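Let's take a friendly walk through this structure, with the aromatic rings as our guide.

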Amino acid sequence: AFRPGMRLEAFDRQHSSLVCVATVSEVDSNRLRIHFDGWSQDYDYWCEKSSLDIHPVGWCEKSNQKLQPPRNASFITWSTYLKTNNLIAAPESLFEPAQCVCIFRKGMKLEARDKKNPGLVCVATVSDVADSKIKVHFDGWSENYEYWCETTSESIHPVGWCEKHGRKLQPPRGSSGFLWFNYLASTGSAAAPSYLFKDQQL
């Protein structure tokens with residue numbers, strides 16, 4: 001069972017492109033309070049034990065993702081961090097296995113909601129994939145706006161979704177006269193097939 005003090009890797013829900021060194025700070029029935037090592041409790045959050053926002057130690061390395069180390073602490077590898085500080089990693093058996101292998105691919109284009117400005121749906125790219133999550137990058141914008149989401153998220157849509165539903169699509173920054181057909185051709189990229197999106201067949 002999960003116990004307070006166990007270490008793990010967790011998505012930062014306030015900066016959802018980041019996966020960080022974290023601690024189970026509290027356990028309440030089927031819920032865990034996640035604390036990011038070296039950071040204020042203001043960033044803590046509660047989640048279900050089955051949440052796909054938490055992963056065992058070593059998940060980032062296996063998934064080829066960047067792990068954010070603790071703030072103001074020496075962190076070289078998990079093994080040295082755990083041993084030096086006499087810490088325990090949460091056993092891998094406690095974590096919910098990935099439901100499926102992600103069939104999105106890096107470079108696929110889509111339309112995605114800007115989580116910092118939820119009224120905006122923008123031209124976007126799948127910049128990374130891991131388990132059943134994709135990393136959304138907004139074309140023409142910095143990585144600061146990227147975020148991870150489940151492939152079943154209602155924040156992502158197939159190319160053409162805005163046009164079909166009478167919504168304004170935000171083009172890449174600096175572009176004018178945007179048309180998907182021309183953009184896909186000029187960038188040599190492909191749209192993510194509509195069947196990959198949950199209940200969003202065009």
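Is tryptophan 148 buried or exposed? Tryptophan 148 is buried, because its relative accessible area is 5%; buried means under 20% relative accessible area, exposed over 50%, and partly exposed in between, with a 1.4 Å probe and protein chains only. Before going on, note that this is a predicted model, where local features need pLDDT of at least 70, side-chain atom pairs count only at pLDDT 80 or more, and totals for chains, interfaces and linings use all residues. Residues are numbered from 1 along each chain as its sequence is written, and side-chain values use heavy atoms, leaving out hydrogens and water.

Searching the whole structure gives 14 aromatic pairs. Rings of Phe, Tyr and Trp (its six-membered ring) pair if their centres lie within 6.5 Å; planes under 30 degrees apart count as stacked, over 60 as edge-to-face and the rest as tilted. Phenylalanine 11 and tryptophan 148 have ring centres 5.8 Å apart and planes at 70 degrees, so this pair is edge-to-face. The pair links distant parts of the chain, 137 residues apart: phenylalanine 11 is in strand 1 (residues 6-11) and tryptophan 148 in strand 11 (residues 147-150). Strands here are DSSP runs (E, at least two residues), numbered from the N terminus. Phenylalanine 11 is buried too, with a relative accessible area of 3%. Together with Trp59, Phe11 and Trp148 form one aromatic cluster.

Now look at arginine 71, which lies over the face of tryptophan 39, 4.4 Å from the ring centre. For a charge to sit over a ring, NZ of Lys or CZ of Arg must be within 6 Å of the ring centre and within 35 degrees of the ring normal.

How values were computed: Helix = DSSP H or I, 4+ residues; strand = E, 2+ residues; numbered from the N terminus.
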